[in-house]
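Q: I am new to this structure and would like a close look at one part of it, the salt bridges. Please also cover the helix packing beside them.

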Amino acid sequence: MLISLNQQVALITGASSGIGAGAAKALAAAGAAVVLNYNSQAAPAEELARQINAQGGRAIAIGADVAKEEDVERLFAQTLEAFGSLDILVANSGLQKDSSAVDMSLADWNQVIGVNLTGQFLCARAALRIFNRQGIREGVSRAAGKIIHMSSVHQRIPWAGHVNYAASKGGVDMLMQSLAQEVSHQRIRINGIAPGAIRTAINQAATEGAAAQELLKLIPYGRIGDVEDIANAVVFLASDASDYIVGTTLFIDGGMSLYPEFRGNG
Ligand code: BGC
């Protein structure tokens, strides 16, 4: 299966590090022009854009807080100014603000819901408006646009000490499915990815040293995931190779969502 995203434009939110940066690299390697959105970390996003351009790709970095409507509108307007179209949105920005529920501040609840869920809605809405105007770009893709919502295994697995994060990802699942139901007839393809434990800054403490040994007990496949495990699936879901995949979440978690605690017969 040879995948080419030549002539396509992809916008990746939260692309300054982790899964977002990995997805951006992989999409660029597959031939897409990429817009690397960041919120606070301009330097790594700009450096990644520089590297992609140096390797013959096309990339720009644009700062915007996806939880803010005016920032999102500007982000998508600047994307069109830079590259003239939009074919792929990877709604990836996300953060954790962990604490027990009794100690969780309303600010930490709101921030996580704001970025992880409202941010994905605002970006999807902006992308859909563009896809509707563009329609199918003949010879470029069979779909009029593709959206990939970055979720988590915690859209399914409850997570004590992380109620804001788990609630946001449960919301992402229903956002994704409801949007897909609403717009698939316009040949817009919307899917989700639910990563398990991937080695990135968001879970550095849990993936190193003794904590990593504990974490591995939850992963039947016996290794912590790499960014590339997710990035490869992003490229697949963005391409016509997955043209009949609509409204689905792909779990990429080494089996974490298989309830491994029950392996010994419960
Ligand atoms: C979280 C990580 C966590 C993983 C598995 C992800 O969504 O961001 O911190 O390690 O789920 O629990």
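How many salt bridges does the structure hold?

A: The structure holds eleven salt bridges, a salt bridge being a side-chain nitrogen of Lys or Arg within 4 Å of a carboxyl oxygen of Asp or Glu. The model is predicted, so local features need pLDDT of at least 70 and side-chain atom pairs count only at pLDDT 80 or more, while totals for chains, interfaces and linings use all residues. Residues are numbered from 1 along each chain as its sequence is written, and side-chain values use heavy atoms, with hydrogens and water left out.

One of the pairs is Asp65 with Lys68, whose closest N and O atoms are 3.7 Å apart. Asp65 is buried, at a relative accessible area of 14%, whereas Lys68 is partly exposed, at 40% (buried is under 20% relative accessible area, exposed over 50%, partly exposed in between, with a 1.4 Å probe and protein chains only).

Another salt bridge joins Arg137 and Asp87, at 2.8 Å from N to O. This pair links distant parts of the chain, 50 residues apart: Arg137 is in the loop between helix 4 (106–134) and strand 5 (145–150), and Asp87 is in the loop between helix 3 (69–83) and strand 4 (88–91). Helices (H or I, at least four residues) and strands (E, at least two) are DSSP runs, numbered from the N terminus. Arg137 is partly exposed, with a relative accessible area of 24%, and Asp87 is buried, with 5%.

Asp243 and Arg142 also form a salt bridge, their closest N and O atoms lying 3.6 Å apart. Asp243 is in the loop between helix 7 (227–238) and strand 7 (249–252) and Arg142 in the loop between helix 4 and strand 5, so the pair ties together parts 101 residues apart in sequence. Asp243 is buried, with a relative accessible area of 16%; Arg142 is exposed, with 54%. Elsewhere, a network of salt bridges links Glu69, Glu73 and Arg125.

Next comes the helix packing. Helix 4 packs with helix 5 (residues 163–183) at an angle of about 15°, the axes being 8 Å apart; axes are lines fitted to C-alpha atoms, for helices over the stretch in contact, and angles run from 0 to 180 degrees between N-to-C directions. Helix 4 and helix 5 are therefore roughly parallel to each other (angles under 35 degrees count as roughly parallel, over 145 as roughly antiparallel, 65 to 115 as roughly perpendicular and the rest as oblique).
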